[in-house]
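These are my notebook entries on a structure I went through step by step, from one local detail out to the whole chain. I wrote each entry as I looked things up.

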Amino acid sequence: MRTNLNIGLFGFGVVGGGLYEVLNRSKLLNATIKSIVVKDPLKKRSIDSSHFSFDKRTILEDDEINVVVELINDSEAAYEIVTEALKRGKHVVTANKKLIAEHLDELIKLSRENNVSLLYEASVAGSIPILRNLEEYYNNDTLSSVQGIVNGTSNYILTQSNKGIAYQDAVKQAQALGFAEADPTLDVEGFDSKFKLILLIKHAFGISTTPEEVFNFGITKLRERDVRFALEKGLRIKLLARAEKIGDQVVGFVAPHFVSPDQPAYGVNNEFNAVSVNALFSDRQVFYGKGAGSYPTASAVLSDISALQFDYHYEYRKSGNDSLSFTDEFKVKIYASSSNENSLKTIPFVESDEFYRSADFSYTTGWVSFHELRQHLKSSPSDLSIIIVEEPLKGIDTNLDRIEENKTTFASV
Ligand SMILES: NC(=O)c1ccc[n+]([C@@H]2O[C@H](COP(=O)([O-])OP(=O)(O)OC[C@H]3O[C@@H](n4cnc5c(N)ncnc54)[C@H](OP(=O)(O)O)[C@@H]3O)[C@@H](O)[C@H]2O)c1
């Protein structure tokens with residue numbers, strides 16, 4: 001057991017402030033915060049100003065500090081801090097999914113070269129211990145999918161929308177309650193979920209992906225008529241981050257989904273998160289909890305700090321398995337709606353089955369190649385609302401030019 005963890009804490013906001021309290025209240029006696037570095041010298045703090053410094057060197061150049069906990073809200077500054085800390089032989093714990101998703105392989109390499117740990121449990125679904133479970137518990141041969149509601153802001157907004165509250169009003173409510181930032185783009189457009197999905201894919205399937213490879217479609221285009229369509233069919237709309245194995249390929253994307261009452265995601269409401277893991281023998285297992293907030297997120301950070309006492313590091317045992325690769329070549333059933341019927345005609349459906357047309361609202365459901373849909377949405381931005389229909393994804397066997405049904409079980413969280 002490590003004799004002492006001397007922590008240098010960057011950031012004293014929602015999570016950093018929470019960690020300070022949680023650490024003081026926990027029985028983790030081997031860990032103490034030696035220095036705290038923040039940004040704004042004029043800000044009023046909940047603890048004495050003598051605890052704070054504004055120069056990152058206070059922590060990075062202190063040889064007694066062996067753990068850097070990075071909890072700031074600036075991913076570029078965080079990159080400088082984290083890389084420097086790793087190079088100086090300090091363990092790093094962070095909650096910053098954007099930083100990790102954008103630089104995952106480089107940071108893993110740095111941590112290995114310097115023989116230190118890089119842990120980031122809090123960066124995916126807040127308090128839910130999903131990364132360490134994927135890392136330690138599930139064998140990737142038997143894992144078929146990992147998916148979930150991993151963004152509390154968009155889930156809160158969708159929960160209100162599913163009750164019939166207009167999107168803009170739901171955003172305002174979320175902002176008033178502190179669940180959404182003044183600019184909620186990263187959350188509602190699915191970027192935040194995508195960063196988390198990249199980490200889930202790495203720990204579930206051992207595959208490194210980039211933010212450019214993983215497509216995200218958010219909830220800003222949803223219209224009240226889409227919600228009504230869902231309610232009439234007894235469904236709810238949920239933003240899912242979804243990764244699935246299809247044969248020897250892995251697909252991953254973030255998009256709104258129709259979810260039926262028999263799926264766990266149906267009952268995951270407000271700011272809550274849930275991740276479901278499907279595996280051959282254990283079948284579906286669901287992790288549910290608070291995906292954000294001061295104490296819940298701090299508890300995951302604390303758990304990482306605690307793990308450092310036992311020299312824990314991610315081993316990425318599933319990486320290096322060249323038999324699996326990432327692809328966006330698969331078929332998916334979608335619902336697409338628009339105020340302009342002509343926009344629907346441009347969607348590259350390979351098969352469509354349901355149509356509705358009126359002067360100001362039309363929709364179509366049918367199968368598309370995900371790759372082609374993605375190209376289409378990129379090249380011709382429109383008011384199209386796209387929702388994934390609850391049907392198994394289908395792989396594309398390009399050699400035989402035929403559709404092969406995904407053999408893994410489809411299950412939303
Ligand atoms: N909030 C959540 O529920 C939650 C959940 C999961 C993950 N996270 C992640 O946790 C991290 C922190 O989020 P948060 O909500 O705690 O942010 P926050 O409340 O906005 O606090 C950010 C803190 O970072 C400090 N800071 C900013 N730039 C800095 C720099 N260059 N050097 C030193 N300190 C700097 C700020 O200093 P000042 O105090 O001087 O302004 C502030 O104390 C982010 O990566 C976020 O994505 C948050």
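Which residue just after H9 takes a positive phi, and of about how many degrees? I looked this up in what is a predicted model, and found that Gly-206 has a positive phi of about 75 degrees.

Entry on H9. I then went back along the helix itself, which covers residues 191–205, and compared its length with expectation: its 15 residues should span 21 Å at 1.5 Å a residue, and the end C-alpha atoms are 21 Å apart, which agrees. I also looked up burial, and since 14 of the 15 residues of H9 are buried, I noted the helix as largely enclosed by the rest of the structure.

Entry on the cores. I looked up the largest nonpolar core, which has 106 residues, with Val-69 and Ile-130 having the most contacts inside it. Helix H9 gives the most to this core, namely eight residues. I checked the domains as well, and this core draws at least three residues from each of domain 1 (5–119) and domain 2 (131–290 + 320–413). Another core lies apart from it and has 20 residues, including Ala-336, Leu-377, Leu-384 and Leu-393.

Entry on Val-69. Leaving out residues up to four places away in sequence, I listed what Val-69 touches, and found Ile-7, Gly-8, Leu-9, Phe-10, Leu-19, Val-93, Val-301 and Ile-305.

Entry on H11. Two of those partners, Val-301 and Ile-305, are among the buried residues of H11, as are Thr-297, Ala-298 and Leu-308. Helix H11 runs over residues 294–308 and reaches 21 Å from its first C-alpha to its last, close to the 21 Å expected for its 15 residues at 1.5 Å a residue.

Entry on the whole protein. I counted 13 helices and 19 strands. The radius of gyration is 22 Å, close to the 22 Å that the globule rule gives for 413 residues, so I recorded the protein as being as compact as a globular protein of that length. Along the principal axes, its C-alpha trace spans about 65 × 45 × 35 Å. I noted that buried residues make up 55% of the 413 residues, and that the protein exposes about 17900 Å², of which carbon and sulfur atoms supply 48%. Finally I looked up the sequence separation of contacts, and among those between residues at least 6 apart in sequence, 73% join residues at least 24 apart.

Definitions and conventions:
Residues numbered from 1 in each chain as written. Predicted model: local features only at pLDDT ≥ 70, side-chain atom pairs only at ≥ 80, totals over all residues. Heavy atoms only, no water. Core = buried A, V, L, I, M, F, W, Y, C linked by side-chain atoms within 4.5 Å. Buried < 20%, exposed > 50% of the residue type's maximum accessible area, 1.4 Å probe, protein only. Helix = DSSP H or I, 4+ residues; strand = E, 2+ residues; numbered from the N terminus. Domains from an automatic or database assignment. Contact = heavy atoms within 4.5 Å. Expected span 1.5 Å × (residues − 1). Rg over C-alpha atoms; globule rule 2.2 N^0.38 Å. Areas by Shrake-Rupley, 256 points an atom, 1.4 Å probe, with all protein chains shown as cover.
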